[in-house]
Amino acid sequence: MDLRMLLGLAVRTAALSAPTSLAASSARPAVVVVPGFLYGSEDFVGLAEALRRRGVDATVAPIAWWHWIPCLGGRSVRPILERIQCAVDYASSADVVAVEAPAPAYSPLDLWRDFRQTPGGVMAVGGSADPDEFPDVAPCGGFGDAPPPRRACAIVGHSASGWISRIFLSSRTYGGKAYGGSGGRVSKLVTLGSPHAASEGVAFANVAWANREAAPVPALAVAGGGFGGATAESFTTDSYAFCGAPDAETCDGDGVTPVASALDLPGAETLLLEGATLHAPQFPRWLAPQLHDAGVKSGTPWFGDDARLDAWAPFLTDA
């Protein structure tokens with residue numbers, strides 16, 4: 001056996017004996033896309049497919065718009081956190097990652113039970129609207145046990161799901177459970193038009209809970225502009241005021257979240273996209289005629305269109 005054969009054998013032996021990290025178990029990074037408040041997975045398949053064309057195994061968390069109902073009015077967001085957990089477990093362990101993560105079993109009766117028992121909010125189910133005082137109420141549904149992870153994944157959280165993902169990453173106990181997503185399964189976080197600044201009112205008590213710590217993983221907070229409160233419809237002005245803008249009529253934003261709130265993520269990199277950027281892929285005309293027309297008639301891009309995606313997607317794949 002000559003020297004070259006010996007060296008080759010030594011290299012192969014070292015490779016077999018070296019520990020394999022989660023991130024190194026796949027050539028393509030994995031990404032979980034989490035739909036925003038009152039949106040469902042079908043609204044974000046296009047974004048996941050665009051990310052997949054850019055070299056990542058993107059999958060959408062199994063969330064339907066009606067899964068948000070138990071969380072209305074500032075209640076615990078554990079029903080959504082469980083679905084983020086489900087998608088992260090899938091993306092970090094599956095050999096082949098589909099564009100939509102498998103949905104756990106969940107019936108209309110489960111929804112009704114979650115609506116009645118999810119604590120917090122203006123109804124103070126469970127006795128308090130303070131997340132630190134939420135009782136341990138496990139959401140309904142067949143979520144099952146997590147399989148062993150093979151790699152870490154990133155999370156892209158849209159709108160409210162940006163700060164909800166921060167709760168998922170935290171190792172602190174929230175409503176009786178510490179999700180601890182930053183403990184090896186999640187390596188990065190991108191938030192798109194997320195209201196990180198805690199406004200007044202019970203609806204932002206959960207945001208204030210998340211704001212007690214900086215993002216525990218490398219994070220990028222992305223904001224869109226082009227929709228000033230002074231020239232916008234009442235939906236936008238009211239939304240900016242709801243998000244805590246001191247003067248909703250003079251601030252700028254994506255039509256729903258003010259720029260200042262979307263970038264207010266301690267410890268994160270920030271990115272304000274150039275040009276007008278819509279908050280969401282679509283708006284019902286009856287709810288927000290101006291935002292609907294901006295997307296449908298004027299073709300104004302949202303965060304997930306190619307015109308904007310190329311600005312923030314590299315953060316997911318950069319070492």
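This is a predicted model: local features need pLDDT of at least 70, side-chain atom pairs count only at pLDDT 80 or more; totals for chains, interfaces and linings use all residues.

Begin with the largest pocket, which holds about 890 Å³ of space. Of the 34 residues that line this pocket, select Phe37, Leu38, Ser159, Ala160 and Val256, because these are the closest to its centre. Next, colour the helices α5 (160-169), α6 (205-210) and α7 (234-242), each of which supplies at least two residues of the lining. If you colour the lining of the largest pocket by class, you will find 22 nonpolar, ten polar and two charged residues.

Now select Pro70, in the loop between β2 (57-60) and α3 (78-93). Is Pro70 buried or exposed? Its relative accessibility is 0%, and because buried means under 20%, Pro70 counts as buried. Show its surroundings as well: leaving out residues up to four places away in sequence, Pro70 touches Arg75, Pro79, Tyr106, Leu111, Asp114, Phe115 and Thr118. With Thr118 still in view, note that Pro70 and Thr118 are 48 residues apart in sequence, while from C-alpha to C-alpha they are 6.3 Å apart in space.

Finally, move to Ser261, which has its place in helix α8 (residues 259-262). Ser261 is buried too, with a relative accessible area of 4%. Which residues is Ser261 in contact with, leaving aside its neighbours within four places in sequence? They are Ser194, Pro195, His196, Ala197 and Cys243. Zoom in on Ala197, whose backbone nitrogen lies 3.3 Å from a polar atom of the side chain of Ser261.

Conventions
Residues are numbered from 1 along each chain as its sequence is written. Side-chain values use heavy atoms; hydrogens and water are left out. Helices (H or I, at least four residues) and strands (E, at least two) are DSSP runs, numbered from the N terminus. Buried means under 20% relative accessible area, exposed over 50%, partly exposed in between (1.4 Å probe, protein chains only). A polar contact is a pair of N or O atoms within 3.5 Å; within protein, one must be able to donate a hydrogen and the other to accept it, and residues adjacent in sequence count only if both atoms are side-chain atoms. Contact means heavy atoms within 4.5 Å. On a 1 Å grid over the protein atoms alone, a cavity is a set of points where a 1.4 Å probe fits but cannot get out, and a pocket is an open set with protein on both sides within 12 Å along at least five of seven lines; lining residues have an atom within 4 Å of a point. Grid points are joined across faces, edges and corners, and a volume is the space filled by probe spheres set on the points. Ala, Val, Leu, Ile, Met, Phe, Trp, Tyr, Cys and Pro count as nonpolar, Asp, Glu, Lys and Arg as charged, and the others, Gly among them, as polar.
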